[in-house]
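Let us walk through this structure step by step. Keep the sequence and the 3D view side by side.

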Amino acid sequence: MTFMCETPVKRVPCFRVLDDNGEPIIYSNYEQQVSKEVAVKMYNYMVTLQMMDTVFYEAQRQGRLSFYLTTLGEEAINIASAAALSTDDLILPQYREPGILLWRGFTLQEFADQLFGNQDDYGKGRQMPIHYGSNKLNYITVSSPLATQLPQAVGVAYSLKMDRKDACAVTYCGDGSTSEGDFHAALNFAAVMEVPILFICRNNGWAISTPTEEQFRSDGIVVKGPAYGMRSIRVDGNDALAVYAAIHTARRMAISEQRPVLIEALTYRVGHHSTSDDSTKYRPVDEIEYWKMARNPVNRFRSWVEKNGWWSDEEELELRNSVKKQLLQAIQVAEKVQKPELADLFSDVYDNLPSNLCEQEKLLRETIKKHPQDFPSDVPL
Amino acid sequence: MWGIIRQNVWTGRSPVMSLGAGLSAFRSYSSAGKEMTVRDALNSALDEEMSADPKVFLMGEEVGEYQGAYKISKGLLEKYGPERVLDTPITEAGFTGIGVGAAYYGLKPVVEFMTFNFSMQAIDHIINSAAKSNYMSAGQLSVPIVFRGPNGAAAGVGAQHSHCYASWYGSCPGLKVLSPYSSEDARGLLKAAIRDPDPVVFLENELLYGESFPVSAEALDSSFCLPIGKAKIEREGKDVTITAFSKMVGYALKAAEILAKEGINAEVINLRSIRPLDRSTINASVRKTSRLVTVEEGFPQHGVGAEICMSVIEDSLGYLDAPVERIAGADVPMPYAANLERMAVPQIEDIVRAAKRACYRSVQKAAAA
């Protein structure tokens with residue numbers, strides 16, 4: 001009679017391609033998968049994402065935005081995973097994955113429009129900031145409740161399977177979300193239904209103030225995959241090349257073998273949970289600084305790209321200046337664009353406007369006409 | 001001609017109680033007569049919609065090999081295969097989420113809950129995802145999904161199997177909520193629900209599954225569909241309006257027969273649609289009768305009757321000649337013992353007494369403190 005031990009003898013190893021200094025670790029079976037164009041594009045977008053977060057975060061601090069949430073420290077997961085996927089793959093994000101949209105062509109102006117909830121926002125001002133969505137770019141609108149996107153992604157994957165598409169569903173979650181019941185249901189179902197899906201878990205060490213030691217007692221998330229009969233890998237989430245390689249391979253497995261794959265990407269949440277949080281209250285400042293500086297994924301990838309002769313200091317300066325200008329411009333423009341019009345209060349509740357909402361809108365318009373001073377002047381009628 | 005015969009048979013009598021009389025009338029025109037159980041009505045509706053649209057698929061516990069926990073999906077696995085009739089593991093949250101995801105993609109899932117009591121484990125997906133996504137994504141994510149299953153009290157199944165969720169789901173914008181009574185309701189409303197681009201909660205009743213109702217030739221046609229948001233006047237009357245949905249429609253019709261013998265001519269409205277509520281039919285009826293009794297099996301507080309009462313106060317206060325009477329289940333978790341259960345749900349006599357009170361034929365209840 002042998003009980004399986006609750007703690008493993010050895011932790012599951014972590015796949016890496018670059019060491020902390022951006023030097024390639026020589027593997028016998030690892031093949032160079034990233035060309036110069038892709039590498040430079042990836043680096044560009046990692047810098048853009050980092051700057052976008054910094055500038056928008058500041059805008060919230062200045063009172064120009066109501067809320068913001070950064071992806072600082074997780075740029076490699078965002079951009080490298082997006083680069084390894086196809087635009088036909090449907091993304092069901094949690095909320096710390098705007099880099100996927102960035103890679104697929106969402107402009108800084110489009111981001112700003114959503115943040116300001118103006119007329120150009122594809123969400124018609126219905127959602128809090130950072131709840132982006134784009135049908136065109138196959139990115140399902142961000143939804144606040146945690147982990148609900150996981151079984152929904154299995155539904156999408158099942159639909160792709162029924163349609164025999166050469167694509168998979170890709171869904172992201174954090175370490176905290178893996179405690180939700182939906183995580184369990186999704187992984188279990190995905191394995192039983194044999195659907196083409198990638199579960200990418202960003203294990204960044206923190207769920208607001210809850211560290212992983214208080215979130216679960218298992219060896220991270222990767223060990224949960226085999227418990228459901230699912231192929232799984234643990235990867236260094238701050239190593240852009242490792243993330244790219246793992247996602248690229250996992251995607252091929254998922255589609256050609258019609259199976260789910262779990263990828264645990266280890267990383268660190270450099271920023272606060274959101275603008276409503278001050279993480280220095282529950283974690284040491286020097287820990288944050290360490291991950292921000294010494295273990296920064298953007299710098300690490302830059303080292304590798306530069307050593308290949310594909311990037312220079314001048315180009316770096318040029319890129320950062322250009323992106324900063326674009327960001328400030330985007331904010332200025334978005335701030336001035338009109339807010340969504342009154343009719344958008346009532347549309348989209350149902351496919352067609354029901355009679356009760358028609359009446360309510362009519363009544364509201366009449367009341368506004370009678371008492372214009374009681375209503376905000378910046379809502380176009 | 002068939003429609004006229006049906007009307008004559010049904011005037012002043014509940015379809016169920018007059019089965020004997022009805023059947024004999026049908027037999028004399030047997031070439032056109034047909035009866036169907038609610039179970040068969042739902043099964044045929046699912047079958048026809050799945051046949052017409054390859055995007056429609058059914059998902060739930062026991063819907064496939066077991067032919068459905070209540071046999072509603074009998075024969076469908078055999079006909080359409082495991083890709084379109086999915087037996088799911090036991091996770092309401094899981095398969096409801098999967099259904100929502102499939103709907104986001106563009107399929108038309110029909111998600112079966114073994115009873116709506118179990119939908120509690122998935123209600124976040126229904127409310128926060130299915131109901132709100134079209135609005136919160138500004139039309140980018142439509143959710144053409146149907147959630148169906150038995151709702152409300154059955155017989156001897158206790159509190160966690162007897163809860164009525166009509167008012168829970170009925171309060172949520174973004175959802176449509178339907179509750180059929182007869183086989184024709186079941187067919188027409190389920191077909192409408194499956195075809196509708198919005199998420200629909202379809203509240204059936206376990207005890208009605210086995211009940212047989214006459215169905216017209218029109219209702220048997222595969223293109224048959226009932227409009228969502230329209231109530232049906234099951235029995236015309238002029239003295240008091242009785243609103244009900246699902247099983248309580250049968251009780252209301254029986255109560256109306258008893259009342260008729262005492263000279264009270266009741267108008268019975270089968271709501272069919274909880275959200276949107278057919279306020280205009282209800283109000284038109286109350287403006288005619290001036291008296292209203294709302295009937296539901298579920299708990300009274302924040303129930304469907306409360307909403308109907310408010311609707312009438314908003315639109316037709318001047319027409320009321322008596323306070324609105326509300327008949328609902330007892331405000332206790334459903335007890336199991338048969339005698340207690342009987343006292344916890346409305347009985348026909350309760351509806352009769354309420355109608356009489358509304359007509360000033362009996363002493364008003366003392367107002368509760």
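Are B:Glu48 and B:Lys191 buried or exposed? Both are buried, where buried means under 20% relative accessible area, exposed over 50%, and partly exposed in between (1.4 Å probe, protein chains only). Their side chains meet in a salt bridge, 2.7 Å from N to O. A salt bridge is a side-chain nitrogen of Lys or Arg within 4 Å of a carboxyl oxygen of Asp or Glu.

This is a predicted model: local features need pLDDT of at least 70, side-chain atom pairs count only at pLDDT 80 or more, and totals for chains, interfaces and linings use all residues. Residues are numbered from 1 along each chain as its sequence is written, chains are lettered from A and ligands numbered from 1 in the order in which they are written, and side-chain values use heavy atoms, without hydrogens and water.

Now look at chain A. A:Arg302 forms a salt bridge with A:Glu316, with the closest N and O atoms 3.5 Å apart. Both A:Arg302 and A:Glu316 are buried. B:Lys238 pairs with B:Asp239 at 3.3 Å. B:Lys238 counts as exposed because its relative accessibility is 53%.

Next, turn to where the chains meet. The contact (heavy atoms within 4.5 Å) takes 39 residues from chain B and 37 residues from chain A. How many salt bridges lie between chain B and chain A? The count is one. B:Glu83 forms a salt bridge with A:Arg164, the closest N and O atoms being 3.8 Å apart.
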